[in-house]
Amino acid sequence: MSHLPFTRLLSLATRQLWREARAGELRVLFFALLIAVAASTSIGYFSARLSDGMLMRASEFLAADLLLSGSSPAAEQQIGSGQRLGLEHAQTVEFSSVIASDAGIQLASVKATDSAYPLRGQLKSAAAPYAAEQPGPGPQPGEVWAEARVFAALNLKVGDSIEVGAKNLRLTRVLTYEPDRAGDFYSFTPRVLMRLEDLPATGVVQPGSRVKYRELWRGTPEALAAYREDVSPGLEAHQRLEDAHDGNRQVGNALGRAERYLNLASLAAVLLAGVAVALCAARFAAKRFDASALLRCLGLSRRQALSLFSLQLALLGLSASLAGALLGWFGQSLLFYLLQGLLPAELPPGSLTPALAGIATGLVALAGFALPPLAALGRVPPLRVLRRDLLPVPPSSWLVYGTALLALGLIMWRLSLDLQLTITLLGGGLLAAVLLGALLLFSLQGLRRLLARAALPWRLGLGQLLRHPLAAAGQSLAFGLILLAMAMIALLRGELLDSWQAQLPEQAPNHFALNILPADKDAFADRLAQLSPVPAPLYPVVPGRLVMINGEPVRQIVSKDSQGERAVQRDLSLTWAAELPRDNPLSAGSWWNSVQASEMPGVSVESGLAASLQLKLGDRLSFSVGGINRDARVTSLREVDWNNFQPNFYMIFEPGTLQDLPVTYLTSFYLPKQQERQLVELSRTFPTVTLLQVEAVLAQLRSILAQVTLAIEYVLLFVLAAGLAVLFAGLQATLDERIRQGALLRALGAERRLLIKARQAEFGLLGAASGVLAAIGCELISFLLYRFAFDLTWQPHPWLLLLPLIGALLICGAGILGTRRALNSSPLTVLREG
Amino acid sequence: MKSSILTARNLSKVVPSAEGELTILHDLSLDLNPGGSLAIVGSSGSGKSTLLGLLAGLDLPSDGNVTLAGHDLCTLDEDQRARVRAEHVGFVFQSFQLLDSLNALENVMLPLELEGHADARERARTLLERVGLGQRLTHYPRQLSGGEQQRVAIARAFAAEPDVLFADEPTGNLDSHTGERISDLLFELNQERGATLVLVSHDERLAHRCQRLIRLEGGRLVDRVEP
C-alpha cells in the first residue's frame, strides 16, 4: 500500500482514535496524561506567579526591581536606555554629612530622593518620635525627615529646622521605615531623608565627596532583562547592578530555596506523569498487537502501521495535554481566587510558559515512555493473525529505559534549568530503582518457596504476582516511585519550614547596638541584661581596611562585582576572639591555642570571602587601621551563617593583636515590641551608642517566608492529589488480567470473600513492597538533595517507615475498588466481554 | 488454459526446536487458477496453517517459492509482500480477528479506508446487509455472537475485492448449525465476486465443497483430490 499519503494516514489515525475513544479504550491513558499535565501546569503557574510575587515583595528591599549603584552619577546613556525601554525610574543620592541644630551637631547618613522614590514598598513615618507610623509619600522640597535617634540626639521636635550643609530644612515627620534600609544593614549613622531638588543648595556634594548614587528601575521582567543586557557590558568599575536575588542575603537564600522546592515539586509532578504514562503506554501497545498484525495482513507496511499508531498516540497526547494545560490553568486560578485574602494583592498574571511547559512535559513524557513499546508494534509479525502466541521481539531494555530517562532528564532540566538538581534526582532515582528492583526480584523469588504452604487466598493472590515476577517488580517500582515523589515533597516541606523557623526564631535579635565605648561596656551589658532575655555577647570592633595580600595591593586581585570587591571597598569590622564563635565551623586550618608561637599574628577569614579573594592558609594580609598598618597570617577559614541575625565577622584576629587600637563594641539583642520605649531611655543613658532597629527587616522577611510557606503547603497538596490520581490511573492499567482471573475463579465457584481476601493479599503486598522501595529511595534521594541542592543537614526520617503501611492501605483500597466489577457483576459477562 | 493466480513450488519450512531442526512442511507444490477453490485438510499439527501462512505471504519458506498474482513472494521483503496482500488478498480467521474498539461497520470499513475509498461507509454497509447484519452495524464485537462476528469478518474480507481469499478454519469456533450457515455465506460470496478461495479446515464436509482438496500429514502431501 505504497500509495497511502500522509493526509490519509492522518485522517485514518484521527478516525481510529475517535472510534477507540468512543469505545472507552483510551480513557486510562488520556486521564493519566490529563492529570499529569494539569498537575505540572498548575504547579508551574502557581510557583511562577508566587515566585514573581515573592520577588516583587523582596524587591522592596531594594525599593526597586533593579538597582544601578555607583560612586558617581550614572551616565546619561545608562539612564536613557532604561527610559527607552519604558522602565519607571527613581533616583537617590546618599552621603554622610553633619547636620546641625541649635542644640548641637550629629553625623547622619543623608539620603536625597526624587518624588518617584520608592518604586517598590512604601515609606513609613510618624508624627512624633515613637508615635504610630503611617505609610505615605516622602518629604516635600524644603522639608526633611529624620529617624527618632536624631530627634533624641539633637533634642529636636517636629517643626524645628536643621541645617544640612548650607541649606536650612524644616523637620516635618519622624522617619520610621525605608523599604531599602535592610540592604544597608550596618549603616551606623542615623538616617535623614530629604528631596533631591534641595541637594545643590546644600553644597555638600562636591567632586571627590564619598557619595552613593542609585538609579532605581521598575518594570516588566522582559524590559528589566533587556536593560540588564544593555547596561552590563559598559558598567564602570565603581558601578553595580543588583536585583532582589543578590540584594539581600537572607531573602535571597529563602527565595532560592523556595524556588528550588517549587521546581522540585514540578519535577515530582513530571515524575508522576512519567510513571503514569509508562504504565499506560505499555498497555496501549500490548492491546494493539492484534490490530497491528491485522493491519499488516490488510497490506499496511511496517512503517505505515507504525506511523498510524504514532499519529494516534501523538493526537491523543496533544489533546490530553491541551486539555490538561487548560485544566491546570483553571486549577491555579481557582486556588488564587480562594487564597486571595492571604496572598499579595498585585500578583502578576503569569505568562504562557507554564502552560507550554506543561504541554511539552506531557508530550515528551509520552514520547519517552510510549515510543519504545510502540516501536514494538511495528515489529508485530503478520503471522500473529494465525498464531496468537507470536509476540514482537521486545525492544532492547536499554533503548526503552534510555529513551525514558533521556526524556525525563530533558523535562527536568528544562523545568529547573538546574543541571545539578536534575542529575541528583535522576541519578539518585536510577540508582534507587536498579538497587531496589533487584532486591524486590530477589525477595519475590524467595517468596515462591514460602508460598507452597500458605493458605488458598495467599496462594491465589501472591501467585498472581509470582507468575510474572518481572512485571510485579515493575509495577511495584512504579507505585514505589509515585509514593516516593509524594513522600519526598512532604519531607522537604517539613525541613524547609523548620530551617526557616530556625533562621527566624520568635526572639531573633531585632536590635543592634554599635559604637559602645570601652568605658561604657560593662554598664551597657548590665542594662541590656535587665531589658532583654537573650542578649548576645559584646564583640570588640576595630574598623580597618584590607589593603594588601602577600604584599600585592588588593585592588589588583579582586574581580569586579564579587563579594571580595565589596568587602575591600569599605572598612571591615575587624574583631578578635579567643574562642571560635558558635555557628562558625572551621572549614580549613586550625583555631589558635592559647600560646601562639608564630611571630606574625593569626587571622581567621570567612570562607566565602576567602574564596572570592583566592586566599589560602598561610597568606599574609595587610590591614590599614586608621593609618596604622597591621599584618596577619591566615591560619583558618570559617563558615559563617549570615542568616542568623547575630553579629558576624569576615575577619577574626588572634587575641592581643588589635587591643592597642581604638576599639568600640557591638552586640545584638531582642527587645519585645511593647518595650521599645526603653530604647529612648537607653540612648539617653549611653548617648554615644548607636541603636539600630531591624524589626522592619525581620517583619518583611517573616511575611515573605509566610507566603513561601503557604505556597509550599498548597504545592504539597497538589502533588499529593496528583500522586493519588496517577496511582489510581496506573492501577487501572494493570487490572485487565486480574479482572479476567477473578471472573474465571468466580465461574469456577470461588466465593466472593475468598476473592476479596486474595486481592487484599496481592495488593497489600504490592503496596507494602512499593512503600519499602519508596522509603529507601526517599532517604537516598533526600540525602543527595540535602547535600548537593538545598544545603541542609541530613538526618534519618523514622516516619518514612510508615510508608509500607501507607502503601499497603492505599494500593489495597484502590485495587479492591478497581476490581469490584469482577466481584459484583456476573462472571459470564466479564468473561464474554474479555 | 488460464494462467495460475497462486503457485507453490517445492515448499519446505524448517524451524529450530529443542531437539534440533524440525521440518514442518516437506517439498510441497501446487497451482491454483483464478476463481477456483482449494481446501487444505489434515489433523492438528499437520502443517495446514503453516502452508496457508506461506501461500498468503505472511511467512517465508525455508526452501521453494510462492507466486501470487504474478509476484514471486520469496523475492519480496515484508513491506513489499504487505503491498501484494493489500492489492490481492483477503483473510477470514478462526478467531475472527475483529478490532474490539471498532464497531461492526468500522471493522468492515477499515480495509476500504486504508485504500482511500471515499464510499467506504456505503460499501461496508452494503456488505454487512449482504451478510445479514444490517441491523447490527453499530454493535461492538463483544456485543455480537461468534457467528455474527465471523460474518463481519467475511464482509471485511470481501470488502477490498480480493483476488484470493484465505480462510483459516472459518467455522472452527462455531457450532455446526452456525458453521453451516457461515460456510454457505462464504461460498456464495466467493462465487458472486469471482475470488479464488484457499480454505484450511479439518472439517471434511466443508472441505469437500471446494473444487480441489489436498490432505497433509506430518507436513507431507498425502492425498490430492482433483475435479
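This is a predicted model: local features need pLDDT of at least 70, side-chain atom pairs count only at pLDDT 80 or more; totals for chains, interfaces and linings use all residues.
Strand β3 (residues 104-113) of chain A runs antiparallel to β2(A) and is joined to it by 10 bridges. Within this pairing, A:Ser97 has A:Ala108 of β3(A) as its bridge partner. Two residues lie between β2(A) and β3(A), and the two strands form a hairpin. β2(A) also pairs with strand β7 (residues 161-164) of chain A, in the antiparallel sense and over two bridges; here A:Ala100 stands opposite A:Glu163. Strands of a sheet pair through backbone hydrogen bonds, in either a parallel or an antiparallel manner.

Helix α1 of chain A comprises residues 6-22. At 1.5 Å a residue, its 17 residues should span 24 Å, and this agrees with the end C-alpha atoms, which are 24 Å apart. The buried residues of α1(A) include A:Leu12, A:Ala13, A:Gln16, A:Leu17 and A:Glu20. Viewed down the axis of α1(A), the buried residues fall within an arc of 135° and therefore line one face of the helix. An α-helix has 3.6 residues a turn, so residues three or four places apart point the same way.

In chain B, four strands form an open sheet with antiparallel pairing, in the order β2-β1-β4-β5. Its edge strands, β2 (20-32) and β5 (71-72) of chain B, each pair on one side only. Strand β1 (residues 6-17) of chain B runs antiparallel to strand β4 (residues 63-68) of chain B, and five bridges join them. B:Ser12 stands opposite B:Asp63 of β4(B). α1(B) lies across β1, β2 and β4 of chain B and runs at about 125° to β1(B).

The contact between the chains takes 26 residues from chain A and 27 residues from chain B. On the side of chain B that touches chain A, the elements giving two or more residues are α1 (48-55), α2 (78-88) and α3 (104-115) of chain B. α2(B) provides the largest share of that side, with seven residues. By class, the side of chain B that touches chain A consists of 12 nonpolar, 10 charged and five polar residues.

How values were computed: Residues are numbered from 1 along each chain as its sequence is written. Chains are lettered from A and ligands numbered from 1 in the order in which they are written. Two residues are in contact if their C-beta atoms, placed from the backbone, lie within 7 Å. Ala, Val, Leu, Ile, Met, Phe, Trp, Tyr, Cys and Pro count as nonpolar, Asp, Glu, Lys and Arg as charged, and the others, Gly among them, as polar. The expected span of a helix is 1.5 Å times one less than its number of residues. A residue is buried if 20 or more other C-beta atoms lie within 10 Å of its own, exposed if 12 or fewer, and partly exposed in between; C-beta atoms are placed from the backbone. The arc is that of the directions from the helix axis to the C-beta atoms. Two strands pair if DSSP finds at least two bridges between them. Axes are lines fitted to C-alpha atoms, for helices over the stretch in contact, and angles run from 0 to 180 degrees between N-to-C directions.
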